[in-house]
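Trainee: I am new to this structure, and I would like to understand the terms that are used to describe it.
Mentor: Then let us look at it together and go through the terms one at a time.

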Amino acid sequence: DHRDLHYPLRRQRQMCIRDSFKAVVGHGLECFLASMGYKAPIGELVFDGASIYFDSKGNPILKGKDFSEDLLIKTLGQRLRNKPITIKRGTKNESLLHIFSALSLGLKDYVLKNGFNKVVIGISGGIDSALVAAIASKSLGPKNVLGIAMPTKFNSQLSLNLANDLSENIGFRLKISEIQEIFDNNMAAYTPTIINHKTNATVKNRIILTVYTDSFCLSSEKTP
């Protein structure tokens with residue numbers, strides 16, 4: 001059973017604004033209210049925009065877009081008939097889109113505020129790196145995303161094919177860097193007692209950081 005996690009917050013905010021506004025209107029004031037939503041991350045919080053106009057009875061009559069800049073134009077007046085709108089519970093796809101939009105907005109804000117304009121992502125062909133690549137491409141544009149596939153003998157051809165498909169579907173550039181020789185050299189440099197499953201991750205992180213240093217952009221790599 002799907003639950004729209006974003007819906008209760010939107011509904012609670014709408015009800016809070018409406019009740020406060022009705023308290024003012026109840027004192028005899030005839031006016032409309034425009035609730036201006038802020039669209040940007042602040043610290044750990046991501047504000048979703050979604051500005052709302054309320055009529056003189058406290059009913060919402062116009063709503064802006066979520067997680068994007070929007071221009072709302074409404075002719076207001078006591079003699080005009082403004083049909084109230086309903087903030088409906090979102091579908092599964094709409095709820096997932098809200099989450100994706102929040103992640104995209106947060107990433108873009110973080111990258112740009114720290115003086116970067118491109119990102120480097122390790123692409124494994126799996127779902128984790130695919131999701132990160134999709135968020136980064138949405139936030140910064142595919143041309144500002146560089147993916148690096150680093151196969152070894154432990155990776156199947158299917159993983160590489162999926163990485164290529166991901167690059168073509170989203171539109172970011174994919175670079176393939178064979179790391180088997182580097183991996184073997186690292187294995188030979190350590191005694192058997194300290195060699196573990198993290199060795200492969202260490203090699204990949206070094207490559208990601210090298211590309212990051214050369215291109216002065218942000219890196220992301222997640223390996224088990």
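The conversation below takes up a core, a helix crossing and a sheet in turn.

Mentor: This is a predicted model, in which local features need pLDDT of at least 70 and side-chain atom pairs count only at pLDDT 80 or more, while totals for chains, interfaces and linings use all residues. Residues are numbered from 1 along each chain as its sequence is written, and side-chain values use heavy atoms, with hydrogens and water left out.

Trainee: What makes a set of residues a nonpolar core?
Mentor: The members must be buried Ala, Val, Leu, Ile, Met, Phe, Trp, Tyr or Cys residues joined through side-chain atoms within 4.5 Å, where buried means under 20% relative accessible area with a 1.4 Å probe and protein chains only. The largest such core has 16 residues, and Val 119, Ile 121, Ile 123 and Phe 172 touch the most other members. Two or more residues come from each of β6 (119-122), α3 (127-140), β7 (145-149) and α4 (157-170), and α3 gives the largest share, four residues. These helices (H or I, at least four residues) and strands (E, at least two) are DSSP runs, numbered from the N terminus.

Trainee: How do you know at what angle α2 and α3 cross?
Mentor: Axes are lines fitted to C-alpha atoms, for helices over the stretch in contact, and angles run from 0 to 180 degrees between N-to-C directions. By that definition the axes of α2 (residues 92-113) and α3 cross at roughly 65° and come within 8 Å. The residues making this contact include Phe 100 and Leu 103 of α2, and Ala 134 and Ile 135 of α3.

Trainee: Which residue stands opposite Ala 34?
Mentor: Tyr 53 in β4 stands opposite Ala 34, while the bridge partner of Phe 54 is Pro 60 in β5.

Technical notes: Buried < 20%, exposed > 50% of the residue type's maximum accessible area, 1.4 Å probe, protein only. Contact = heavy atoms within 4.5 Å. Pairing = 2+ DSSP bridges.
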